[in-house]
Amino acid sequence: MNVKCFDCNSFLEVCTILWDESGECAVCDPGFMDKNKEAIYSWMKARSLKPVAVLLTHAHFDHIYGVASLVKDFGAKVYMHPAESLTLSHNSLSARMSGMPEPDCSFETIPVKEGDIIQVQIEQLHKVVQVKTVVKNRVSAKQVPEVYT
């Protein structure tokens, strides 16, 4: 399992990419904006990585700027705890109050809760990445994922 972190936006939000040799990857908290997007997309392209999952630890605007583009450009699925739905729906106001641009929140999410295991097919030989939630009401990929074959 490989992990790469990128600092994004003026809040220095950390976007984390998890991948293995299969070429598919999961992106955790893609807070990248246009200038970061080009660099991150270029980095992924250089490694032939395709984002198939987006993991949101929470739905603050600085963590979701790149979600809609990952869904549109790659068809990635977005995983988020349902308790974050209210936060997601208020992101435009929160961003404006912080002097930041409004994020595109037009993506669908797959609800996950504490104890759920998110399975992302990474290799054709049924290898899956299992990321367990470790904080109540949050999806967390900040811990080292457990990998099973």
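Visitor: By class, which residues does the lining of the largest pocket have?
Guide: This is a predicted model, where local features need pLDDT of at least 70, side-chain atom pairs count only at pLDDT 80 or more, and totals for chains, interfaces and linings use all residues. Residues are numbered from 1 along each chain as its sequence is written, and side-chain values use heavy atoms, without hydrogens and water. A pocket is an open set of 1 Å grid points over the protein atoms alone where a 1.4 Å probe fits, with protein on both sides within 12 Å along at least five of seven lines; lining residues have an atom within 4 Å of a point. Here the lining has five nonpolar, two polar (Gly counts here) and four charged residues.

Visitor: Which residues line this largest pocket?
Guide: Phe32, Met33, Asp34 and Lys37 take part. So do Tyr65, Gly66 and Ser69.

Visitor: What pattern does the protein chain follow along its sequence?
Guide: The chain has five helices and nine strands (DSSP runs: H or I of at least four residues, E of at least two). Read along the sequence, they give β-β-β-α-β-α-α-β-α-α-β-β-β-β.

Visitor: Which strands stand at the edges of the six-stranded open sheet?
Guide: The order is β1-β2-β3-β4-β5-β6, with mixed pairing (at least two DSSP bridges make a pair). An edge strand has a single partner, so one side is left without a neighbour in the sheet. That describes β1 (2-8) and β6 (110-111).

Visitor: Which residue in β6 does Tyr79 stand opposite?
Guide: Strand β5 covers residues 77-80 and pairs with β6 in the parallel sense over two bridges. In β6, the residue opposite Tyr79 is Ile110.
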